[in-house]
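Here's a quick briefing to read alongside the model.

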Amino acid sequence: MKNDDELLAAMPVRKAFFRLALPAVAAQLINILYNLVDKMFIGHIPGVGKQALAGVGVTAPVILAISAFAALVSMGGAPKASIFMGKGDNEQAEKVMGSCAWMLIVLSVVLTAFMLIFGKMILQLFGASDNTILYATDYMNIYCVGTLFTQLTLGLNAFITAQGKTLISMCNVAVGAVTNIVLDAILINGFGMGVKGAALATVIAQGVSTCFVIHYLIKPTSQLKLRLKNIRFERKLLLPCILLGTSPALMQLTENMVAISFNTSLQKYGGDIAVASMSILTSIMQFVMLLLPGLVQGAQPLLSYNLGAKNISRVKKTFRLLLICCLSGSFLIWLVCMLIPQNVASIFTDDVPLITYTGKSMRIYLAMLLIYGIQVACQYSFVALDQAKKAIFLTIWRKIILLIPLIFILPRILSGSAMGVFLAEPIADTIAICTTAPMFYYYYRKLK
């Protein structure tokens with residue numbers, strides 16, 4: 001038995017889970033540096049940091065959309081590959097990866113062309129004001145040129161994780177993050193390039209990560225190899241991957257709709273300071289939504305591989321451990337944000353009124369984060385366990401049916417208060433968790 005198979009099929013669940021999950025979590029934490037470090041440097045640009053931060057904050061929906069298209073392909077393809085590996089069919093797993101690589105390249109070309117043509121109009125739609133549009137377009141025009149690197153890095157790295165090689169995945173991400181930090185310091189501070197320097201640093205860093213990802217997948221040590229003959233359209237393989245990946249993609253794409261809704265509503269009821277505050281809160285939520293799914297990414301090979309191998313007791317043990325870890329993680333982040341919100345806000349800006357405003361809004365916006373780990377563990381596990389329809393429903397329910405209407409309804413009820421906009425998040429989270437938990441429990445009991 002190969003070492004990879006032994007890890008996924010035979011090693012004690014707790015030991016295997018943490019061996020996979022810890023590097024995956026570390027990779028996700030490192031990954032947020034791409035965006036967070038940019039914002040930290042930008043927020044401290046003398047004289048214009050506040051406006052520049054708000055401008056870059058408006059670009060978040062576009063960045064999420066680009067990432068969502070990578071998830072559409074890879075987050076469905078990687079579990080499918082793991083399931084084939086569990087069945088002992090590595091040849092089919094490699095064909096899945098090749099078809100997904102083909103799709104990632106096609107998406108990169110389409111997205112780049114679309115954003116270069118319509119980017120400014122889209123940023124204005126997302127809530128950019130006259131004071132922030134210049135910073136938003138400067139950042140986005142450069143960032144979109146690197147779409148191919150973003151797609152391939154995020155998309156193909158998932159297939160390294162699917163093999164149980166989460167440490168390798170982490171190193172690929174770390175190389176890009178370190179490159180990004182160094183280049184931010186050089187281009188923003190050293191050369192005074194502002195937001196253009198931040199975007200260029202990110203593009204170059206993602207290009208470096210892409211080279212490392214592809215290099216590993218063509219090496220003999222990779223259990224799944226990226227072969228040129230497999231990089232082609234295979235309808236019967238690709239479409240099921242896209243269906244399964246629809247839920248994680250929707251989770252990110254609907255973040256776009258949510259971001260548009262938040263930015264436009266906050267601009268109306270609170271102005272630029274409310275939008276800038278939301279930019280900081282979005283960064284914190286990105287931290288949460290990378291840390292907790294990082295745990296799921298570590299668990300995904302175990303869940304999918306053992307589902308394919310029909311080792312259901314191992315699947316259930318993995319989920320129980322995942323749920324405990326996700327709950328613990330969301331609770332700890334909630335505790336920090338509730339106890340010292342202004343300290344957290346000061347990481348991103350020196351502006352005292354913005355820090356004060358964000359401290360107040362943070363306690364409202366993240367109020368239900370303490371139990372949000374339940375939502376993440378169950379919803380992402382549905383994806384790992386090939387339950388596409390359930391995962392898609394839960395995504396639409398929380399974001400489109402609950403959260404977006406509440407963003408516009410609550411401030412009207414609360415006499416035009418911007419804090420009503422922030423209140424939409426915890427209310428939607430509460431209802432969503434009360435829906436997701438019983439659904440997964442019913443599935444879990446019938447899993448045999």
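**Salt bridges and cores**

Lys80 is buried, at 18% relative accessible area. Keep in mind that this is a predicted model. There are six salt bridges in the structure, and Lys80 takes part in one of them, with Asp386.

**Charged pairs**

- In the Asp386–Lys80 bridge, the closest N and O atoms sit 3.3 Å apart. Asp386 is in the loop between α16 and α17 while Lys80 is in helix α5, so this pair ties together parts 306 residues apart in sequence.
- Asp386 itself is partly exposed, at 31% relative accessibility.
- Glu94 pairs up with Arg227, with 2.8 Å between the closest N and O atoms. That links helix α6 to the loop between α10 and α11, parts that are 133 residues apart in sequence.
- Glu94 is buried at 8%, whereas Arg227 is partly exposed at 34%.
- Arg398 bridges to Glu425, again with the closest N and O atoms 2.8 Å apart.

**Nonpolar cores**

- The largest nonpolar core has 110 residues, and Leu156, Phe262 and Ile284 are among those touching the most other members. Helix α12 gives the most to this core, with 17 residues.
- Apart from that core lies another of 23 residues, including Val56 and Ile188.

**Asn306**

- Asn306 sits in helix α12 and is buried, at 1% relative accessible area.
- Its side chain makes a polar contact with the side chain of Arg314, at 3.5 Å.

Note on methods: Residues numbered from 1 in each chain as written. Predicted model: local features only at pLDDT ≥ 70, side-chain atom pairs only at ≥ 80, totals over all residues. Heavy atoms only, no water. Helix = DSSP H or I, 4+ residues; strand = E, 2+ residues; numbered from the N terminus. Buried < 20%, exposed > 50% of the residue type's maximum accessible area, 1.4 Å probe, protein only. Polar contact = N/O pair within 3.5 Å; in protein donor to acceptor, adjacent residues only side chain to side chain. Core = buried A, V, L, I, M, F, W, Y, C linked by side-chain atoms within 4.5 Å. Salt bridge = Lys/Arg side-chain N within 4 Å of Asp/Glu carboxyl O.
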